[in-house]
Amino acid sequence: MDLFAKCANNPAKPLIDADLYPYFHTLETKQAPVVMMEGKRMIMLGSNNYLGLTTNDAVTAACHDALTRYGTGVSGSRFLNGTLDMHIELENEIAEFVGYQAAMTFSTGFQSNLGIISAIATRGDYILSDKENHASIVDACKLSYATTLRYRHSDMQDLEERLKKIPDTAGILIVTDGVFSMSGEIAKLDEIVALAKKYGARVLVDDAHGFGVLGNGGRGTVDYFGLTGEVDMVMSTFSKSLASLGGFLAASQEVIDYVRHTSRPFIFSASITPACCAGALAALREIKLNPELPQKLLDLAAYLRQGLKKRGISYKDGITPIVPIYTQTAEHTLLLGKVLFEKGVYVNPVLPPATPADSCLLRLSLMATFTPELLDEAMDKIKEVMEEYDEQR
């Protein structure tokens, strides 16, 4: 059989044929509450630019300065010629901000999980992973060669039952998203840490959607629960609140030193570019200078939820800037997403395997740079579209 035979069965073809394909829309301007997409004004309710720092003057200036000083790239891994003084500066400031001894950077957030988990958990160890964890965690577990047990989403009883069955001689890692990316739910981190202590496990929190959002001044989910130092490892990405590209691990100095010398995805990848490093560092400093930004974001999220409720639109409750509107079937979800796009509101349709088949959703996400007036405009259009097309079902 020809290896490429499978390529004739493009899974996206039925969506394309039905004119419901929702992906790869072209953005023509900066990430902001209002953007231009394919020549059309669009209210951007589908970005993870939570604090709006991709357009911040200090952040963009720092990127320009880094290009002038260091050039466009490092042409090597951190392990060899690819460590800049600015990388060390960024790592030190991240560690200090989240309250850990040390930190290390990776080239992407996805690669961070691949590099951390495959280094820490190896053959003979056990990983317990929430069933709604990010795809990078799922793939990292495969790369690790550890035995992976997926517990039911946020089900602490199921987690404990699985912990009970692990041999005392095995190393155990519990890994969870801090904020789950599709639902916006916050992990039951206090209960997870209690179980980890009871059964001698270590804990890794993927705080991609919690860093810059929750906790004191945006320090993240671990700080939100008052568990700094009790959670063994925290990772996050630079591509959301830090307005750049890359990722980090924060942990004890011993763990950081070990991962730096054993993680193949880290050792054999070029380090983040000077501009990306400078952008993340400048964004971090903006967060420290403006500790009110995360609270402003949460206030806007509360305003959005209240507005949806007032307009009779069902959503999943919570406090984070991720607000899911459940639309059940994939076809209905895609249709609503398409019509909203035509009316100038960009949202993310979420389909299986990211959700169960009967729990598809429109994922709304906010930036701290939104205004209530702009949210009202978007919510009025969402109400109009949902009322019209729910009547036609």
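**Sheet, helices and charged pairs**

Axes are lines fitted to C-alpha atoms, for helices over the stretch in contact, and angles run from 0 to 180 degrees between N-to-C directions. Helices (H or I, at least four residues) and strands (E, at least two) are DSSP runs, numbered from the N terminus.

This is a predicted model, in which local features need pLDDT of at least 70, side-chain atom pairs count only at pLDDT 80 or more, and totals for chains, interfaces and linings use all residues. Residues are numbered from 1 along each chain as its sequence is written, and side-chain values use heavy atoms, with hydrogens and water left out.

Two strands pair if DSSP finds at least two bridges between them.

Strand β4 (residues 126-130) and β5 run parallel and are joined by 5 bridges. In β5, Tyr151 is the bridge partner of Asp130.

Move on to β7. Strand β6 (residues 172-177) runs parallel to β7, with 5 bridges between them. Thr176 stands opposite Val205 in β7. From β6 the chain crosses through helix α7 (residues 189-199) to β7, and this β-α-β crossover is right-handed. That label applies if, with the strands pointing away from the viewer, the path from the first strand over the helix to the second runs clockwise. On to strand β8 (residues 233-237): β7 and β8 pair in the parallel sense over 3 bridges. Here Leu204 stands opposite Met233 in β8.

Why is strand β7 (residues 202-206) largely enclosed by the rest of the structure? Of its 5 residues, 4 are buried, so the rest of the structure largely encloses β7. Buried means under 20% relative accessible area, exposed over 50%, and partly exposed in between (1.4 Å probe, protein chains only).

There is also an open sheet of 3 strands, in the order β1-β2-β11, with mixed pairing. Its edge strands are β1 (34-37) and β11 (345-346), each pairing on one side only. Between β1 and strand β2 (residues 40-44) there are 4 bridges, and the two run antiparallel. Arg41 in β2 is the bridge partner of Met36.

Helices pack on each other as well. The axes of helix α4 (residues 109-120) and helix α5 (residues 135-144) come within 8 Å and cross at roughly 35 degrees. The crossing of α4 and α5 is right-handed. A crossing is left-handed if the near helix is turned anticlockwise from the far one by less than a right angle, and right-handed if clockwise.

Next, the charges. Side chains of opposite charge can pair when their charged atoms come close. A search of the whole structure finds 21 salt bridges, each a side-chain nitrogen of Lys or Arg within 4 Å of a carboxyl oxygen of Asp or Glu. Arg285 forms one with Glu89, and the closest N and O atoms are 2.7 Å apart. Arg285 lies in helix α11 (residues 274-289) and Glu89 in helix α3 (residues 85-98), so this pair ties together parts that are 196 residues apart in sequence. Arg285 is partly exposed at 32% relative accessible area, and Glu89 is partly exposed at 37%. Glu89, Glu93, Arg285 and Lys288 are linked in a network of salt bridges.

Asp158 and Arg152 meet in a salt bridge at 3.8 Å, N to O. Asp158 counts as buried at 8% relative accessibility, whereas Arg152 is partly exposed at 44% relative accessible area. Lys381 and Glu377 meet in a salt bridge at 3.5 Å, N to O. Lys381 and Glu377 both lie in helix α14 (residues 372-391), 4 residues apart, about one turn of the helix.
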